[in-house]
Protein chains: 2
Amino acid sequence: MMELTRKGEYAIRGIIYLAQQPPGKMSLISEIADAAEVPQTFLAKIFQSFAKLGIVNSFRGTGGGFTLGRPASRITLREVVEAVEGPIMPNRCLMRGAECDRVDMCLVHPVWRKVQSQILQVLESVTIEDLAKKKV
Amino acid sequence: MMELTRKGEYAIRGIIYLAQQPPGKMSLISEIADAAEVPQTFLAKIFQSFAKLGIVNSFRGTGGGFTLGRPASRITLREVVEAVEGPIMPNRCLMRGAECDRVDMCLVHPVWRKVQSQILQVLESVTIEDLAKKKV
DNA sequence: TTATAAAGGACAAAAATGGTCCTAAAGGTT
DNA sequence: AACCTTTAGGACCATTTTTGTCCTTTATAA
């Protein structure tokens, strides 16, 4: 459980590749998919999600492609993961506030809330810039 | 993502009910399922997993049923969740040690490792006794 | 106007989830 | 011994989610 899906993994790989390119350079989805070893059409969907959220800029037509929507230092791992996997919600009930009618579960809720905040804290503290650093 | 499945939810509900019974009292799976509002046959499978791990004791035949395998204070939420959902592994690669060949992913691994340890820390700090306390 | 490249929608195979059902085995009861 | 009760275990199945593919449309540049 609590496993990152392929989609999430691909998303991270793709954005890291983009962050490693020279600033302003346009990258084709085919190029990114190739470099990140991700199925191209699948990655295209992922980058559509990124584009909608402004994580990347997309340009159509000749000379088009993708660039980072913000400096890599201002894109957190949380944003990237949530962009494709949806919000991080360890327990379903978390999202519905006080709607939970089961008395015993309500003692469990604070625990999942804690789990959630711990995860978010870690993922928010890491930027794509951190992850894009090439090995020395 | 990172969502607890129904199986995990049912497991928690079931074990909490058991922990709320008088010590030594035998509880039938039908009784637990009824009280926890969980499909009986499904809960039976869950309790089989518990029994294998010693989280509960099971007894067959007339007068049989389930009792806690240990005091509720010595059963952690982590054990209960992992019993039915498997180990908590945010990233697939975590489990295979250094087998990951992707250079960029290797910078991501420590992050997931951190996420994992944070989750475990929370889940290990909570016992079923904590969760079984009835509201005042 | 044509080539290029992303956007968006429809579709589909495979895997995981969320169960059910049946038989077997174990343990009491008569 | 025969019988009833209760869990164990395996087979099975429907639904949902994941992991994609493919095709058409739209925007843009040459």
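The surface near DNA strand C, in this predicted model, draws at least two residues each from α3 and β2 (65–68) of chain A and from α1 and α3 of chain B; a residue is near a strand of DNA if its C-beta atom, placed from the backbone, lies within 6 Å of it. Helices (H or I, at least four residues) and strands (E, at least two) are DSSP runs numbered from the N terminus. The element that gives the most to this surface is α3(A), with 3 residues. In total, 22 residues surround DNA strand C, and the closest are S58(A), T5(B), P39(B), F42(B) and G61(B). By class, 7 are nonpolar, 11 polar and 4 charged, where Ala, Val, Leu, Ile, Met, Phe, Trp, Tyr, Cys and Pro count as nonpolar, Asp, Glu, Lys and Arg as charged, and the others, Gly among them, as polar.

Local features are given for pLDDT of at least 70 and side-chain atom pairs count only at pLDDT 80 or more, whereas totals for chains, interfaces and linings use all residues. Residues are numbered from 1 along each chain as its sequence is written, and chains are lettered from A in the order in which they are written, with ligands numbered from 1.

Around DNA strand D there are 22 residues, of which T5(A), P39(A), G61(A), S58(B) and R60(B) come nearest. Two or more residues of the surface near DNA strand D come from each of α1 (6–19) and α3 (40–53) of chain A and α3 (40–53) and β2 (65–68) of chain B. The largest share, 3 residues, is that of α3(B). This surface comprises 7 nonpolar, 11 polar and 4 charged residues.

The helix α3(B) has 14 residues and spans 20 Å from its first C-alpha to its last, close to the expected 20 Å, which is 1.5 Å times one less than the number of residues. Its buried residues are L43(B), I46(B), F47(B) and F50(B); a residue is buried if 20 or more other C-beta atoms, placed from the backbone, lie within 10 Å of its own, exposed if 12 or fewer, and partly exposed in between. Viewed down the axis of α3(B), the buried residues fall within an arc of 100°, so they line one face of the helix; the arc is that of the directions from the helix axis to the C-beta atoms. They pack against α1, α2, β1 (56–59), β2 and α4 of chain B. The exposed residues T41(B) and K52(B) are on the face turned away from the buried side. G54(B), with a positive phi near 80°, follows α3(B).

The contact between the chains takes 32 residues from chain B and 32 residues from chain A, two residues being in contact if their C-beta atoms, placed from the backbone, lie within 7 Å. On the side of chain B that touches chain A, α1 (6–20), α4 (77–85) and α5 (103–124) of chain B each supply at least two residues. The largest share, 11 residues, comes from α5(B). This side of chain B divides into 19 nonpolar, 5 polar and 8 charged residues.

Chain B is superposed on chain A by a rotation of 180° with 0.0 Å of shift along its axis (RMSD 0.0 Å), by least squares on the C-alpha atoms of residues with pLDDT of at least 70 in both. That is the relation of a two-fold axis.
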